[in-house]
There are 2 protein chains.
Amino acid sequence: MTKGAVYFHFANKEALAVAVAEEFYALLPAIAETVRTEPIAPLDAVAELLIRTATAFRDNRMIQAGARLQIERHLVEAAMPTPFTEYTHLIADLLAQAQSDGQLPASSDPQAMARVVVAAFFGGQHISWVLHDRKDLAERVREIIDVILP
Amino acid sequence: MTKGAVYFHFANKEALAVAVAEEFYALLPAIAETVRTEPIAPLDAVAELLIRTATAFRDNRMIQAGARLQIERHLVEAAMPTPFTEYTHLIADLLAQAQSDGQLPASSDPQAMARVVVAAFFGGQHISWVLHDRKDLAERVREIIDVILP
């Protein structure tokens, strides 16, 4: 596709950036949906969701573009979608369900745990990107699951 | 200070970016040094280090500029310092010491744990920056400590 063809569809660079970011934040719930339909326990669903998201970050160009726009959002002169909030809610819901099922101790806080998981995922994928062009991302995310989830 | 005065000292924008990033990565070990001189157990030292780093990210303009350059490093046309590696080693050393002292189970992996702690810190400070201009950063980092460290 030529640059001209792209600008035929988007009024300007900012509109394009917002469209890519919106696509990025639409892909995350779509990945979550593929996990939700599987007959697995909620804690395994969190792990599976993180692994599938990591694979998407590693292989999907739209996700990579969205992650980069997220990171460089201060340079985009347009309101960008709020980051991570939906994804964090999704994980918090699964962790709350795990707690009801007795998979998590009553003392743990599913909301806090979800925020920490998402922070570790986001930081981990950024560090993996900078240091190893995301080649070790699946391994790093497996590590996050092992260290944070019981 | 005027823009002219800044460029009198730095050959170009790239040299300035590298200098700020180097200062940023020099400040982190300096914070670690203030923790190391205190008579506290290694696991408490990790928590204290994270809290002091969070405070610096919230209050220190040089740290904020360094964190932003780290995030936008793909836009800087110069070799930037390798991110987080020293800081991760520091935390891994403290966690290994905690393990020798019996504060961490023999089954835990101090290297993996340190990578996850640093990923969560980095992701957490970025999300806190975007969502709340880092106002809730101390709280978010306290959460990381509670969820990840035993």
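In this predicted model, helix α7 (residues 137-148) of chain A packs against α6(B) at an angle of about 95°, the two axes being 9 Å apart. The angle makes α7(A) roughly perpendicular to α6(B), because angles of 65 to 115 degrees count as roughly perpendicular. On the α7(A) side the contact is formed by R140(A), E143(A), I144(A), D146(A), V147(A) and I148(A), which meet A112(B), M113(B), R115(B), V116(B) and A119(B) of α6(B). By class, this contact between the chains has 7 nonpolar and 4 charged residues, and no polar ones.

The interface as a whole takes 24 residues from chain A and 23 residues from chain B. On the side of chain B that touches chain A, α6 (110-132) and α7 (137-148) of chain B each supply at least two residues. The most is given by α6(B), with 13 residues. That side of chain B comprises 15 nonpolar, 3 polar and 5 charged residues.

The relation between the copies is as follows. The same surface serves both copies, for 100% of the contact residues of chain B recur in chain A.

The chain A copy of helix α6 (residues 110-132) has 23 residues. At 1.5 Å a residue, α6(A) should span 33 Å, and its end C-alpha atoms are 31 Å apart, which agrees. After α6(A) comes D133(A), which has a positive phi, near 50°.

Helix pairs within a single chain are considered next. In chain A, helix α3 (residues 42-59) and helix α5 (residues 85-100) pack at an angle of about 155°, with axes 8 Å apart. This makes α3(A) roughly antiparallel to α5(A), because angles over 145 degrees count as roughly antiparallel. From α3(A), the residues P42(A), L43(A), A45(A) and V46(A) meet I91(A), L94(A), L95(A), Q97(A) and A98(A) of α5(A). The contact of α3(A) with α5(A) divides into 8 nonpolar residues, 1 polar residue and no charged residues.

In chain B, the axes of helix α2 (residues 13-36) and helix α3 (residues 42-59) come within 9 Å and cross at roughly 135°. That angle makes α2(B) oblique to α3(B), and α2(B) passes α3(B) in a right-handed crossing. The α2(B) part of the contact consists of L27(B), L28(B), I31(B), A32(B), T34(B) and V35(B), and the α3(B) part of A45(B), E48(B), L49(B), R52(B), T53(B) and A56(B). These residues divide into 8 nonpolar, 2 polar and 2 charged.

| Helix pair | Angle | Axes |
|---|---|---|
| α7(A) and α6(B) | about 95° | 9 Å apart |
| α3(A) and α5(A) | about 155° | 8 Å apart |
| α2(B) and α3(B) | roughly 135° | within 9 Å |

Note on methods
Residues are numbered from 1 along each chain as its sequence is written. Chains are lettered from A and ligands numbered from 1 in the order in which they are written. This is a predicted model: local features need pLDDT of at least 70, side-chain atom pairs count only at pLDDT 80 or more; totals for chains, interfaces and linings use all residues. Two residues are in contact if their C-beta atoms, placed from the backbone, lie within 7 Å. Helices (H or I, at least four residues) and strands (E, at least two) are DSSP runs, numbered from the N terminus. Ala, Val, Leu, Ile, Met, Phe, Trp, Tyr, Cys and Pro count as nonpolar, Asp, Glu, Lys and Arg as charged, and the others, Gly among them, as polar. Axes are lines fitted to C-alpha atoms, for helices over the stretch in contact, and angles run from 0 to 180 degrees between N-to-C directions. Angles under 35 degrees count as roughly parallel, over 145 as roughly antiparallel, 65 to 115 as roughly perpendicular and the rest as oblique. A crossing is left-handed if the near helix is turned anticlockwise from the far one by less than a right angle, and right-handed if clockwise. The expected span of a helix is 1.5 Å times one less than its number of residues.
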